[in-house]
Amino acid sequence: MQASNSRSPRRWLFGLLILLLVALLAWWLWPATTAHKEGGGHRPGKGMGGRPGFGASTEAVPVRVEPARVGDFPLYYKALGTVTATNTVNVRSRVAGELVKIHFKEGQQVKAGDLLAEIDPRSYRIALQQAEGTLAQNQAQLKNAQVDLARYKGLYAEDSIAKQTLDTAEAQVGQFQGLVKTNQAQVNDARLNLAFTQIRAPISGRLGLRQLDLGNLVAANDTTALVVITQTEPISVAFTLPETQLDTVLARYRSGASLPVEAWDRGDQKLQSTGVLGSLDNQIDTATGTLKFKGTFQNTDHALFPNQFVNVRLLADTLKQVVLAPTAAIQFGNDGTFAYVVNAENTINIRPLKVGASDGENSVIVEGLAAGDRLVLEGTDRLREGSKVEVVEDSSQVPTTPGQHLQGQGAKGSAQTGEPGSKAGA
């Protein structure tokens, strides 16, 4: 009985200590008010914004904001393209013989008709002379037959010869006339073969590497070309677009509008050349669901080479006076797309959005925002509906020249239909 009575005060003291600890912990975690009574200060040991713990903080969250604005938005469609020469010609000899002269340098720019190489012409000159000799011989016989015919006509008029003799003379003249035409064609053929010994550029363009050397015997229409010419002024870029993007492009193309096309380098950093949409295919590829297009580039600076891979940006349309918002301010959550809008009282309003085209930097807002709405760019992690914020940077307060916010979009924009890249939502 004495041992049991001695333990009771200890248990009572131990329980009292536990209650005191619980009360102290509750006091420490309970949210503190930021309001101060007149003439008073904050309680010692308590922070102005509340005690650390599980309570909701009433501190203003620092954020960086940027306003939505109204402006024109260039709607670019982006695709991968391949540079293709307007024309490509494999230059081959049209006659057989020895290659005796080469008049070009590899990689040289040539014009149509420029002399490239020569085949030994001696045998073709001899063939031309033979054909010309045969022609002269038959022309003399024709002239003699024509004189006889004229004589026989006079004699027949005097009833001195038979009609059969006159008919024979007329037939002989016709025979020699046909023979002379044949000889003349042989002369022309021999002269043409002689001209073919001089190999000339059929089109203007840039020469490739030489594939035949001096002294080689070549055959007519040999499988090995002397050189390849590619026409690079103008030049084309072939690319494809998905069928979901065709409506806007086809509508403007069929209306006769000129659609600008930009060719950027493989890293999508440097603008190589600018052209226009030249043509399109007549059917959609069922395997890929895309339609083929060709852009035409003047390429006077030879920045584009055949078979080069480029990034293509087609300016499909320009959306006039639409609401634009920074893409970085657009958030995504379980209920869809939204943005944190800072009200006049510096509190947060969560605004649902309907987003249109985007170029990665700016997005078109179809519904949900108006020009001047301040959107939170940074500091969204602790924001909730009604949260108090402190604006540490507001780009709307920085003076800008008209249109400065859209400067460079024509060069950098590659707008794609659909939603911009995802971000973590609340």
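The model is a predicted one, in which local features need pLDDT of at least 70 and side-chain atom pairs count only at pLDDT 80 or more, while totals for chains, interfaces and linings use all residues. Residues are numbered from 1 along each chain as its sequence is written, and side-chain values use heavy atoms, with hydrogens and water left out.

The secondary structure of the protein chain comes to five helices and 22 strands. Of its 426 residues, 35% count as buried, a term that stands for under 20% relative accessible area, with exposed meaning over 50% and partly exposed lying in between (1.4 Å probe, protein chains only). Among the contacts in the protein chain with a separation of 6 or more, 76% are accounted for by residues 24 or more positions apart.

Within helix α4, which spans residues 246-254, the buried residues are L246, V249 and L250. These residues cover an arc of only 95° around the axis, and therefore lie on the same side of α4; the arc is that of the directions from the helix axis to the C-beta atoms. In an α-helix there are 3.6 residues a turn, so residues three or four places apart point the same way. Helix α4 is followed by G256, whose phi is positive, near 90°.

The largest nonpolar core has 28 residues, of which F239, L241, V249, L277, F293, L304 and L314 touch the most other members. A nonpolar core is here a set of buried Ala, Val, Leu, Ile, Met, Phe, Trp, Tyr and Cys residues joined through side-chain atoms within 4.5 Å. Two or more residues are given to this core by each of β2, β11, α4, β12 (260-264), β14 and β15, and the largest share, six residues, comes from β15. The core also draws at least three residues from each of domain 2 (233-319) and domain 3 (321-391), the domain bounds coming from an automatic or database domain assignment. When its neighbours within four places in sequence are left aside, L241 is in contact with Y77, K78, A79, L246, V249, G289, T290, L291, F293 and L314. A second, separate core comprises 17 residues, including V95, Y124, L135 and L149.

Residues 128-155 are listed by UniProt, in an unreviewed entry, as a "coiled-coil region"; UniProt positions are given in the numbering used here, feature names are shortened, and annotations may be inferred rather than shown by experiment. In the model this span is 100% helix and 0% strand, and its end C-alpha atoms lie 41 Å apart. N138 is placed in helix α2 (residues 122-157) and counts as buried, at 8% relative accessibility. Not counting residues up to four places away in sequence, N138 touches F176, L179, V180 and N183. G174, which lies in helix α3, is partly exposed, with a relative accessible area of 37%. The C-alpha atoms of G174 and L142 are separated by 8.5 Å, although the two residues are 32 residues apart along the chain.

The structure holds eleven salt bridges, each defined as a side-chain nitrogen of Lys or Arg within 4 Å of a carboxyl oxygen of Asp or Glu. One of them joins R64 and E378, whose closest N and O atoms are 3.1 Å apart. This pair links distant parts of the chain, with R64 in strand β1 (residues 61-67) and E378 in strand β21 (residues 374-378), 314 residues apart. R64 is partly exposed at 24% relative accessibility, and E378 is likewise partly exposed, with a relative accessible area of 45%. In the salt bridge between R122 and D120, the closest N and O atoms are 2.8 Å apart; R122 counts as exposed at 55% relative accessibility, whereas D120 counts as buried at 17%. A further salt bridge connects K163 with D167, the closest N and O atoms being 2.7 Å apart. Both residues lie in helix α3 (residues 163-196), four residues apart, or about one turn of the helix. K163 is partly exposed at 40% relative accessibility, as is D167 at 33%.

Key: Contact means heavy atoms within 4.5 Å.
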